[in-house]
Amino acid sequence: MPEPHQLTRADARRIAVRAQLLATPRPTDLLDVVRHLTVLQAEPTSAVAPSADLVLWSRLGPSYDVGALRDAIDEQVLIEHQGFIRPAEDMALFRAEMAQWPGSGDLKEWQVARAEWVEANDGCRRDVLDRLRSDGPLPTSELPDSCEVSWKSSGWNNDRNVRMLLQLMVARGEIATAGRQGREQLWDLAERIYPDDPVPDVEEARRILDRRRLSALGIARAKAAASPGEQHGVGEAGEPAVIEGVRGAWRVDPALLEVPFEGRAALLSPFDRLVQDRKRLAEVFEFDYLLEMYKPAALRQWGYYALPILYGDRLVGKLDATADRAEGALVVTAVHEDERFSARTREAIDTEIAALAGWLDVEVVGPAELV
């Protein structure tokens, strides 16, 4: 086994920032960016802009056209799958897991319960497939609810039978999203959406996904706590690493070692991949952050949808801003500094805020000085 690479926190941060395409020079091609990042979270909250658009703007800058992302999804070059936008060619890796639904080996109680619920509503499942086969793609509102057993939940999905059945049919590999009609998601048969690529076995698919994930993250733990959707661990991908002052078994992409680093300022979506792994965020970036849109306003420290601010290899603050398109304004409530900004840092961040407003085609409205 090779000796672990010895890295400082600064080394690790620069590897992560470079891997996420947030250093200079900027990338220039939307599809190249998505293929490298492997995933965009399709989170629709639009306090400033939807997360996927913010992520792409943070990389591509003012040249990013939101219509290009919508076109790529409509043309099925990119596919929205379980709340994440992914390159179509990656779907074969997820179809390996779909083929084993609800799982392999000893199933957990919730896996058994879901399989039993789908079986109990097999008639409705077949109705959905027949309707899509003849008339698809269709929005959820045009699909029949002939479920004999209602979905029971203590949460807001209670009795949302079709919604839950569609999610499980996606997990089974039977149907897939086919773009959107306004705000409604469209559904069609998976065989019409996914490329007809060879599907590897599950273990090989997981190894490939681990390698793809490490390439996008740069540095990550071999094992990480399970998270909804995209995972943070990378298995045995890459090479072992030790980060000075940080515990854990780390893996690093060797292609990113000893590569010159030139950072820049960037405003990030709260769902940006650089900040999603909160444990790595706290230990490697030493950055305290929490998305507060679910908190009562009086309890918020940084704002409803505060954007993490990157400068070089450090996350240095949070931007509390809201896009008011009716008024043509990017309303800046505050720029929270984790440490007092230097004049150079302040200028770079002001420039980035102005660039965000320009991309949104609004004017910056807010405090005359950063606070």
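User: Left-handed or right-handed: which word describes the crossing of α2 and α3?

Analyst: This is a predicted model, in which local features need pLDDT of at least 70, side-chain atom pairs count only at pLDDT 80 or more, and totals for chains, interfaces and linings use all residues. Residues are numbered from 1 along each chain as its sequence is written, and side-chain values use heavy atoms, with hydrogens and water left out. A crossing is left-handed if the near helix is turned anticlockwise from the far one by less than a right angle, and right-handed if clockwise; helices (H or I, at least four residues) and strands (E, at least two) are DSSP runs numbered from the N terminus. By this rule the crossing of α2 and α3 is right-handed.

User: At roughly what angle do the axes of α2 and α3 cross?

Analyst: Axes are lines fitted to C-alpha atoms, for helices over the stretch in contact, and angles run from 0 to 180 degrees between N-to-C directions. The axes of α2 (residues 30-37) and α3 come within 11 Å and cross at roughly 110 degrees. Angles under 35 degrees count as roughly parallel, over 145 as roughly antiparallel, 65 to 115 as roughly perpendicular and the rest as oblique, so α2 is roughly perpendicular to α3. The angle asked for is roughly 110 degrees.

User: How many of the residues of α3 are buried?

Analyst: Buried means under 20% relative accessible area, exposed means over 50%, and partly exposed lies in between, with a 1.4 Å probe and protein chains only. The buried residues of α3 include D53 and R59 as well as L54, V55 and W57. Helix α3 is mostly covered, the count of its buried residues being 10 of 10.

User: Which residue follows α3?

Analyst: The residue that comes after α3 has a positive phi, near 75 degrees. That residue is G61.

User: About how much space lies in the largest cavity?

Analyst: On a 1 Å grid over the protein atoms alone, a cavity is a set of points where a 1.4 Å probe fits but cannot get out, and lining residues have an atom within 4 Å of a point. Grid points are joined across faces, edges and corners, and a volume is the space filled by probe spheres set on the points. The count by this rule is two cavities of 30 Å³ or more, and the space in the largest is about 80 Å³.

User: Which element gives the most to the lining of the largest cavity?

Analyst: Of the 14 residues that line the largest cavity, V39, L40, Q41, F271 and R273 are the closest to its centre. At least two lining residues come from each of β2 (40-41), α3 (51-60) and α11 (273-276). With four residues, the element that gives the most is α3.

User: Which helix gives the most to the lining of the second largest cavity?

Analyst: The second largest cavity holds about 40 Å³ of space, and its lining consists of T38, R86, F94, L209, R212, R213 and E230. Ala, Val, Leu, Ile, Met, Phe, Trp, Tyr, Cys and Pro count as nonpolar, Asp, Glu, Lys and Arg as charged, and the others, Gly among them, as polar; the lining divides into two nonpolar, one polar and four charged residues. Three of the lining residues come from residues 202-217, which form helix α10.

User: Where is P102 placed?

Analyst: The peptide bond from W101 to P102 is cis, with omega near 10 degrees. The place of P102 is in the loop between α5 (91-98) and α6 (109-120).

User: Buried, partly exposed or exposed: which of these is D361?

Analyst: D361 lies in the loop between α13 (343-360) and β15 (363-365), and its phi is near 60 degrees, a positive value in a residue other than glycine. Because its relative accessibility is 67%, D361 counts as exposed.

Notes
On a 1 Å grid over the protein atoms alone, a cavity is a set of points where a 1.4 Å probe fits but cannot get out, and a pocket is an open set with protein on both sides within 12 Å along at least five of seven lines; lining residues have an atom within 4 Å of a point.
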